[in-house]
Amino acid sequence: VNLTAVRDYDGIERRLILESLRIRDKIRELVGKPDGRVMDLGSGGGIPGIVLAIAIPEYSFTLLDATGKKVTFLRECIEALGLENATAVQGRAEELGHDIEWRSAFDLVTARAVTSLSALLELGLPFVQMKGWLVLPKGADIEEAMTIARKAAGKLVGTIVEASFLPVVGSLVDTRLVLVRKDNPTPGGFPRRVGLPAKAPLGTQQERQDRRVRRGKS
């Protein structure tokens, strides 16, 4: 199923479980109420969504992934663990982000997905309600990515509030937590069609080239 490249027990504990738990308190702080709705975007093997659903039982978690085999795995995990506050859903963010039942439906969205910051902003912010948060754990060296992400945030009318290092808790990984606040409704054209946020991230040369191509076709 290709859930994760981390296969040893110590690595799973430190790089997956502890990394997920590192953001628990920040999520509670940002949501600020006992009945929060959280989405794990591109949940894959359930990191951090499954771990957070166990650790924050008072919140409801939606684990979204486009791959059927991964969603089947997530559903089996949820059933085996008896997690009544977690639901796994198969779907594409580019499509569900325009669905009235999903758009602006969550207090907070997090994502550990392997794609650019800019793409995660475009895919995640449409799901966040006004004054809600997009919470993205990333590596230490993200300065170039942050420059592009700030351009994307401008187009999406969100605000990158901070990108601070998380305290070390035994995970042995340097992690910066990018916090994005939704200050205004996401413009209706976002997210763009399937595949485009990752292929031509907002704020990059690829996006500008894609715009020129689309204008030429029209």
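1. A quick word on terms before the pockets: a pocket here is an open set of grid points with protein on both sides within 12 Å along at least five of seven lines. On that basis, the second largest pocket comes out at a volume of about 160 Å³. Keep in mind that this is a predicted model.

2. Who lines that second largest pocket? The lining consists of L21, R22, D25, K26, E162, S164, F165, L166, P167, V169, L177 and L179. Two or more of the lining residues come from each of α2 (24-31), β6 (158-165) and β7 (176-182). Of the elements, β6 gives the most, with three residues.

3. Now the largest pocket, whose volume is about 1,200 Å³. It is lined by 48 residues, and those closest to its centre are G42, S43, R112, A113 and V114.

4. Which element gives the most to the lining of the largest pocket? That would be α1, with six residues.

5. By class, the lining of the largest pocket splits into 25 nonpolar, 14 polar and nine charged residues. If you have the model open, R112 is a handy place to start looking, being one of the residues closest to the centre of the largest pocket.

Conventions
Residues are numbered from 1 along each chain as its sequence is written. This is a predicted model: local features need pLDDT of at least 70, side-chain atom pairs count only at pLDDT 80 or more; totals for chains, interfaces and linings use all residues. Side-chain values use heavy atoms; hydrogens and water are left out. On a 1 Å grid over the protein atoms alone, a cavity is a set of points where a 1.4 Å probe fits but cannot get out, and a pocket is an open set with protein on both sides within 12 Å along at least five of seven lines; lining residues have an atom within 4 Å of a point. Grid points are joined across faces, edges and corners, and a volume is the space filled by probe spheres set on the points. Helices (H or I, at least four residues) and strands (E, at least two) are DSSP runs, numbered from the N terminus. Ala, Val, Leu, Ile, Met, Phe, Trp, Tyr, Cys and Pro count as nonpolar, Asp, Glu, Lys and Arg as charged, and the others, Gly among them, as polar.
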